[in-house]
Amino acid sequence: MIGYAVCGSFCTHARALDTLRNLLARGHDIQPIVSEIVYATDTRFGRAADFIEELEDLCGRKTIHSIAAAEPLGPKTPLDLLIIAPCTGNTLAKMANGITDTSVTMAAKAQLRADRPVLLGLASNDALSANLQNIAALHTRRHITFAPMAMDDKIAKPYSLVCDFSAIPDLAESILQSRLPR
């Protein structure tokens, strides 16, 4: 089973849903996970309840949205892969510094303590400034892979990076195949 976690880069949620649909079309069983902010925050991009309903309809599972619900993912309910996309700069910084105070950071901690892979699809307005050190720190850690990323608006947002959501399904397949017994 793949865990698919969504953080609060609300402008990228439509791309996250497209990625999720692609993974489901490939036959993957998906456990949706959202940060508490995503679970409870209505934005100009849509209502939280509508987003959660769509996630649950697509995956056929209730969404994990609390630390207590995410904690068993490592020891009791192991995931073959955890994808965090979009992964915000805030979540990235917390992961780099060992802070576990959201459902998504708990899911990542649970996954990593079980020596299982995490795929990060970054979407951060400060990736090339304050969060660059966190990218570097996580890039060196075992079991963490970054999806390809690029500047989304080099003029208006010169420090911003967004992952290539369309690359995530193939990258996930590669990660999953590398963990299969030989």
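Glycine 74 sits in the loop between α4 (67-70) and β3, where helices (H or I, at least four residues) and strands (E, at least two) are DSSP runs, numbered from the N terminus. At 7% relative accessibility, glycine 74 counts as buried. Buried here means under 20% relative accessible area, exposed means over 50%, and partly exposed is in between, with a 1.4 Å probe and protein chains only. Not counting residues up to four places away in sequence, glycine 74 touches Ala110, Gln111 and Ala114; contact means heavy atoms within 4.5 Å.

A word on the model. It is a predicted one, in which local features need pLDDT of at least 70 and side-chain atom pairs count only at pLDDT 80 or more, while totals for chains, interfaces and linings use all residues. Residues are numbered from 1 along each chain as its sequence is written, and side-chain values use heavy atoms, with hydrogens and water left out.

Next, helix α6. This helix covers residues 103-113 and is mostly covered, with eight of its 11 residues buried. Those are Ser103, Val104, Thr105, Met106, Ala107, Ala108, Ala110 and Gln111. Take alanine 107, which belongs to α6. What is its relative accessibility? The value is 1%, so alanine 107 counts as buried. Leaving aside neighbours within four places in sequence, alanine 107 is in contact with Ile33, Ala70, Leu73 and Leu82. Alanine 107 and isoleucine 83 are 24 residues apart in sequence, and their C-alpha atoms are 10.0 Å apart in space.

Now the helix packing. Two packed helices are described by the angle between their axes and the distance between the axes. The axes are lines fitted to C-alpha atoms, for helices over the stretch in contact, and angles run from 0 to 180 degrees between N-to-C directions.

I start with α5 and α6. Their axes come within 10 Å and cross at roughly 40°. The two helices are therefore oblique to each other. On this scale, angles under 35 degrees count as roughly parallel, over 145 as roughly antiparallel, 65 to 115 as roughly perpendicular, and the rest as oblique. The crossing of α5 and α6 is right-handed. A crossing is left-handed if the near helix is turned anticlockwise from the far one by less than a right angle, and right-handed if clockwise. Which residues make the contact? From α5 they are Thr91, Lys94 and Met95, and from α6 they are Val104, Thr105 and Ala108. By class, the residues of this contact of α5 with α6 divide into three nonpolar, two polar and one charged. Ala, Val, Leu, Ile, Met, Phe, Trp, Tyr, Cys and Pro count as nonpolar, Asp, Glu, Lys and Arg as charged, and the others, Gly among them, as polar.

The other pair is α5 (residues 89-96) with α7 (residues 132-139), which pack at an angle of about 50° with their axes 9 Å apart. That makes α5 oblique to α7. This crossing of α5 and α7 is left-handed. On the α5 side the contact is made by Leu92, Ala93, Met95 and Ala96, and on the α7 side by Asn134, Ile135, Ala137 and Leu138. The residues of the contact of α5 with α7 divide into seven nonpolar, one polar and no charged.

On to the strands. β1 (residues 2-6) is mostly covered, five of its five residues being buried. Both faces are covered: Ile2, Tyr4 and Val6 lie on one side, Gly3 and Ala5 on the other. β1 runs parallel to β2 (residues 30-34), and five bridges join them; strands pair if DSSP finds at least two bridges between them. The bridge partner of valine 6 in β2 is valine 34.

Last, the backbone. Most residues other than glycine have a negative phi, and most peptide bonds are trans. A cis peptide bond joins alanine 85 and proline 86, with omega about 5°. Proline 86 is found in strand β3 (residues 81-87).

Where is aspartate 115? Aspartate 115 is in the loop between α6 and β4 (118-124). Its phi is positive, about 55°, although it is not a glycine. Aspartate 115 is partly exposed, with a relative accessible area of 42%. Histidine 143 lies in the loop between α7 and β5 (144-146). The phi of histidine 143 is near 70°, a positive value in a residue other than glycine. Histidine 143 is partly exposed, with a relative accessible area of 21%.
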